[in-house]
Amino acid sequence: FNSLEDAVTDFIREAILRDPIQDERMDVFLAGMMFSAKVRALLDLYGQMIESGGLTTTHEELSKIDAMLVECANRRNEYAHADWIGMKHGGYVRVKSQSKRSGISHRYKRYDLAQIQADIDFIKEAPVKLYEFNERMWDQIRAHGKLPDEHR
C-alpha cells in the first residue's frame, strides 16, 4: 500500500512541477496529506488534463481509477485498523467501529487465507494500473503538443 501512495505522490509532483525531481518544496504539502487527499488531488489534476481537450482518455476511465484507489484504501484500512488480538482461525475480526446517534456499531469480517491473498494481490496490482494510466495520459498530452517545453 505504501508503494501505491508513493506512486500517487510522484504523479501529483509530475503533474504540478516543471521539474518534479529537483523541486522538493512540493513535499512540504504532500507529506501532510492523507492518502485520500492525495488521491483526490491527483484525480482532479487528471480531470483537468482530460478537460483540456484532445485526449482519448475519458472521465469514465478516470472513474475506474478512482474506484480502484478507494477500494485499495478500504481494504488496507480494514487490515490496519482491525482488532487482531485473540484472532482464531476461521473467526471474525472487528474491522470498524463507529459512533452513531443510536450508539456504537461494529462491523466484523471473517478472513481466510484466500481472501487475504486476493486483497494483497489487488493492492499490489493497483500501482501498476495507476502507472499505466499515468503514462497513457502523458503520452496523449505529448502527442497533442499541449506540453510546455520543460516536459518534452
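Start by selecting Asp 10, Arg 13 and Asp 27: salt bridges link these residues in a network. The model on screen is predicted. Across the structure, the count of salt bridges comes to 11, and the next stops take in some of the others.

**Helix α1 to helix α3**

Select Lys 38 and Glu 5. Their side chains form a salt bridge, with N and O 3.0 Å apart. Lys 38 belongs to helix α3 (residues 35–51) and Glu 5 to helix α1 (residues 2–16), so this contact ties together parts that are 33 residues apart in sequence. Colour the pair by accessibility and both Lys 38 and Glu 5 come out as buried.

**Helix α3 to helix α4**

Asp 66 lies in helix α4 (residues 59–80) and Arg 40 in helix α3, so the pair ties together parts that are 26 residues apart in sequence. Is Arg 40 buried or partly exposed? Its relative accessible area is 38%, so Arg 40 counts as partly exposed.

**Helix α4 to helix α5**

Now select Arg 75 and Asp 119. The side chains of this pair meet in a salt bridge, at 3.1 Å from N to O. Distant parts of the chain are linked here: Asp 119 is in helix α5 (residues 113–143) and Arg 75 in helix α4, 44 residues apart. Asp 119 has a relative accessible area of 2% and is therefore buried. Arg 75, at 18%, is also buried, because the class takes in values under 20%.

Arg 75 lies over the face of the Phe 122 ring, 4.0 Å from the ring centre.

**Aromatic pairs**

Hide the charged residues and turn to the rings. How many aromatic pairs does a search of the whole structure find? The search finds 3. Select Tyr 46 and Phe 133 for one of them. The ring centres are 5.1 Å apart and the planes stand at 70°, so this pair is edge-to-face. Tyr 46 lies in helix α3 and Phe 133 in helix α5, so the contact ties together parts that are 87 residues apart in sequence. Tyr 46 is buried, at 0% relative accessibility, and Phe 133 is buried as well, at 2%.

Next, select Tyr 79 and Tyr 111. These rings form a tilted aromatic pair, 4.8 Å from centre to centre and with 40° between the planes. Tyr 79 is in helix α4, while Tyr 111 is in the loop between β2 and α5; the two are 32 residues apart, and the pair links distant parts of the chain. Tyr 111 is buried, with a relative accessibility of 5%.

**The strands**

From the loop that holds Tyr 111, step back to the strands. Select residues 92–100 for strand β1 and residues 103–110 for strand β2; the two pair in the antiparallel sense over 8 bridges. Which residue in β2 is the bridge partner of Tyr 92? That partner is Arg 110. To end the tour, move to the hairpin, where 2 residues join β1 to β2.

Definitions and conventions: Residues are numbered from 1 along each chain as its sequence is written. This is a predicted model: local features need pLDDT of at least 70, side-chain atom pairs count only at pLDDT 80 or more; totals for chains, interfaces and linings use all residues. Side-chain values use heavy atoms; hydrogens and water are left out. Two strands pair if DSSP finds at least two bridges between them. Helices (H or I, at least four residues) and strands (E, at least two) are DSSP runs, numbered from the N terminus. A salt bridge is a side-chain nitrogen of Lys or Arg within 4 Å of a carboxyl oxygen of Asp or Glu. Buried means under 20% relative accessible area, exposed over 50%, partly exposed in between (1.4 Å probe, protein chains only). Rings of Phe, Tyr and Trp (its six-membered ring) pair if their centres lie within 6.5 Å; planes under 30 degrees apart count as stacked, over 60 as edge-to-face and the rest as tilted. A charge sits over a ring if NZ of Lys or CZ of Arg is within 6 Å of the ring centre and within 35 degrees of the ring normal.
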